[in-house]
Amino acid sequence: MAMTLGYWDISGLAHAIRLLLEYTDSNYEEKKYIEGMAPDHDKSQWLNEKFKLGLDFPSLPYLIDGAHKITQSNAILHYIACKHNLCGETEVEKIHIDILENEVMDTRMELVRVCYSPDVEKLMLPYLEGLPDKMSLFSQFLGKRPWFAGDKITFADFLAYDILDLNCIFEPKCLDVFPNLKDFMAHFEVMPMIPLPL
């Protein structure tokens, strides 16, 4: 039976999940909710179902896999990764995954705060000024390893790819002075089952 991934009809928090589902060749289908246009941003498609799905904490994204109903993007990634041995093997790898998972979320929230603010023009310059230092930290953390946790890919690499890609969309040259991050991105994009970014 196919799993169901529910989310808005955007990349957002579901992008890394979709990539992981494709990489693991998981049987899934998507339920995409359409949000209305501004200024109302009608969310009735989602709100009409929100409390009818049996989710403990109803939110988007969600994953339904038989009796398992999971919300929160990182919990969903963990669930899929555990099924496919993509959670790291050693204690050091698991520590790296935990650190990276949380750093990616912090970085995502900083970028979201800029992009969704009515003061985007005012907030963009400070974000861009701090971006080289942020990318430098990701570069140092990756070091000479092929993947962020070690020699094998883990679900944290899907999160890292997503946030690096988002920052490249925001500032296309942000990785130019970080060859290891550029290599990571190129390596990730040629893996089987990984669709190229839109």
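In this predicted model, Leu175 is buried, because its relative accessible area is 4%, and buried means under 20%. Leu175 is located in the loop that joins helix 6 to helix 7. Apart from its neighbours within four places in sequence, Leu175 has contacts with Met135, Leu164, Cys168, Leu181, Lys182 and Met185.

Helix 5 covers residues 120-142. An α-helix has 3.6 residues a turn, so residues three or four places apart point the same way.

A pair of aromatic rings is described by the distance of the centres and the angle of the planes. The structure holds 12 aromatic pairs. In one of them, the ring centres of Tyr33 and Trp46 are 5.3 Å apart and the planes meet at 70 degrees, so the pair is edge-to-face. Tyr33 belongs to strand 2 (residues 28-33) and Trp46 to helix 2 (residues 44-47); the pair therefore ties together parts that are 13 residues apart in sequence. Tyr33 is buried, with a relative accessible area of 1%, and Trp46 is buried as well, at 4% relative accessibility.

Another edge-to-face pair is that of Tyr127 and Phe170, with 5.5 Å from centre to centre and 85 degrees between the planes. Because Tyr127 lies in helix 5 and Phe170 in helix 6, this pair ties together parts that are 43 residues apart in sequence. Are these two residues buried or partly exposed? Tyr127 is buried, with a relative accessible area of 9%, whereas Phe170 is partly exposed, with 22%.

Aromatic residues also gather in a group: Tyr23, Phe141, Trp147, Phe148, Phe158, Tyr161, Phe184 and Phe188 form one aromatic cluster. Phe141, a member of this cluster, has the charged end of Arg145 over its ring, 5.7 Å from the ring centre.

Terms used
Residues are numbered from 1 along each chain as its sequence is written. This is a predicted model: local features need pLDDT of at least 70, side-chain atom pairs count only at pLDDT 80 or more; totals for chains, interfaces and linings use all residues. Side-chain values use heavy atoms; hydrogens and water are left out. The bend at a residue is the angle between axes fitted to the seven residues ending there and the seven starting there. Helices (H or I, at least four residues) and strands (E, at least two) are DSSP runs, numbered from the N terminus. Rings of Phe, Tyr and Trp (its six-membered ring) pair if their centres lie within 6.5 Å; planes under 30 degrees apart count as stacked, over 60 as edge-to-face and the rest as tilted. Buried means under 20% relative accessible area, exposed over 50%, partly exposed in between (1.4 Å probe, protein chains only). A charge sits over a ring if NZ of Lys or CZ of Arg is within 6 Å of the ring centre and within 35 degrees of the ring normal. Contact means heavy atoms within 4.5 Å.
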